Amino acid sequence: MILNSTYSNKDHKHILNDLVGKPFSFIQSIKLKGVGSKRMVIQDVSPNLKSYMNKVSDINYANIELRTKGILIYINKGLQNFTWAIPFYQLVIFKSNGSSIHAQGRFIHFKNNRTLKENKKFFDKVLDAKIKYDMDNDFQALWI
């Protein structure tokens, strides 16, 4: 789900809280040593995300926020901001010549540069949170 988050909207806040969980409190974010990534350069996106990118040859940026049940990807397009909400059960991360995040039939590929390398610990934190979420919410059938 992608929402226009240029201006704050209470309905969007409730939708995001239901989909990916509430934001971490200040104390929790200090214990986790941060819940947000640094700004990363977008190299490529899926065709259904092209409309959220700059049309001119401007650099596209995004950053990621960790939530209790998923992540939020904030995409900047000129003066507009868009938020892509991805629950953990839909999240897939690939590491090949950069990093790419896949979910909901879309993908976003981040350029392999210095800022991506600085975010390595953050991606490890996201993967750990996804594994913990998957372990806590195991809905597989029991074999008797």
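Q: What pattern does the chain follow when read along the sequence?
A: Let's start with the overall order of elements in this predicted model. The chain has four helices and eight strands. Read along the sequence, they give the pattern β-α-α-β-β-β-β-β-β-β-α-α.

Q: Why does the radius of gyration of the chain agree with that of a compact globule?
A: The chain has 144 residues, and a compact globule with that number would have a radius of gyration near 15 Å. The globule value agrees with that of the chain, which is 16 Å.

Q: Among contacts between residues at least 6 apart in sequence, what percentage joins residues at least 24 apart?
A: A contact here means heavy atoms within 4.5 Å. Taking the contacts in the chain between residues at least 6 apart, the share that joins residues at least 24 apart is 55%.

Q: Which residue of strand 4 is the bridge partner of Asn63?
A: Strand 3 (residues 61-66) also pairs with strand 2 (residues 40-45), antiparallel and through two bridges; there, Met40 has Ala62 as its partner. On to strand 4 (residues 70-77): six bridges join it to strand 3, again antiparallel, and a hairpin of three residues links the two. In strand 4, the partner of Asn63 is Tyr74.

Q: Which residue in the turn between strand 6 and strand 7 has a positive phi?
A: Strand 6 (residues 92-95) and strand 7 run antiparallel, joined by four bridges, with Val92 opposite His102. Three residues lie between these strands in a hairpin. The turn residue with a positive phi, about 50°, is Asn97.

Q: Which residue of strand 8 is the bridge partner of Ser100?
A: Strand 7 pairs with strand 8 (residues 106-110) in the antiparallel sense, over five bridges. These two strands form a hairpin with two residues between them, and Gln104 in the turn has a positive phi of about 55°. Across in strand 8, Ser100 is partnered by His109.

Q: How far apart do the centres of the positive and negative side chains lie?
A: The accessible surface of the chain is about 9,400 Å², with 57% belonging to carbon and sulfur atoms. As for charge, there are 22 positive and 11 negative side chains. The centres of these two sets are separated by 6 Å.

Note on methods: Residues numbered from 1 in each chain as written. Predicted model: local features only at pLDDT ≥ 70, side-chain atom pairs only at ≥ 80, totals over all residues. Heavy atoms only, no water. Pairing = 2+ DSSP bridges. Rg over C-alpha atoms; globule rule 2.2 N^0.38 Å. Areas by Shrake-Rupley, 256 points an atom, 1.4 Å probe, with all protein chains shown as cover. Lys, Arg positive; Asp, Glu negative; His and termini not counted. Charge placed at Lys NZ, Arg CZ, Asp CG, Glu CD.
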